[in-house]
Amino acid sequence: MLFEFTASKNFDFITRFAAWLKVPSRNDFLKIPKKLGEGYVRKVVFDDEFRLLIHRYNLKEDLIIRRNPSIEQNDLISVFFYDNEQAIDFKLNDETRGPFSQKSDSAVQVTTNDLSSTIRFPAGTLTQYIV
């Protein structure tokens, strides 16, 4: 499965991801449908400038999330905290793909919407991360 989007300051991941999966989201919560696996994505909003997106799921197919760079420049910084049972692949601005972490299954990524990225989450593994 390939979920691709163009980053922007006010991008709402849950709304777009739910529409792509063709499932409803309620109260900033998206439940993964059984036909695709199990788990959820939850958004916690502290204010307009600070929010968390919690991903926890085990999918039946690989999930590739491709973020295209923002068309308009903005100051948004994203911090990703990954904790996975299997290593995930990461590719930045069409560079060579490689493991996200060299020594463990946990990693932290600091990025901006001005960069593109492609991340692959393998099927049949528990995916847990916070943005």
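This is a short tour of one predicted model, stop by stop. Local features need pLDDT of at least 70, side-chain atom pairs count only at pLDDT 80 or more, and totals for chains, interfaces and linings use all residues. Residues are numbered from 1 along each chain as its sequence is written, and side-chain values use heavy atoms, with hydrogens and water left out.

Start with the whole chain. It has one helix and eleven strands (DSSP runs, H or I of at least four residues for helices and E of at least two for strands, numbered from the N terminus). From the N terminus the order is β-α-β-β-β-β-β-β-β-β-β-β. Of the 131 residues, 38% are buried (under 20% relative accessible area with a 1.4 Å probe, protein chains only; exposed is over 50%, partly exposed in between).

Next, select strand S1, residues 2–6. Across from Phe 3 is Ile 65 of S5.

Move to helix H1, residues 13–21, and pick Ile 14. Ile 14 counts as buried because its relative accessibility is 3%. Its C-alpha atom lies 7.2 Å from that of Ser 25, eleven residues apart along the chain.

Last, select Asp 75, in the loop between strand S5 (63–68) and strand S6 (77–83). Asp 75 counts as exposed because its relative accessibility is 74%.

Note on methods:
Pairing = 2+ DSSP bridges.
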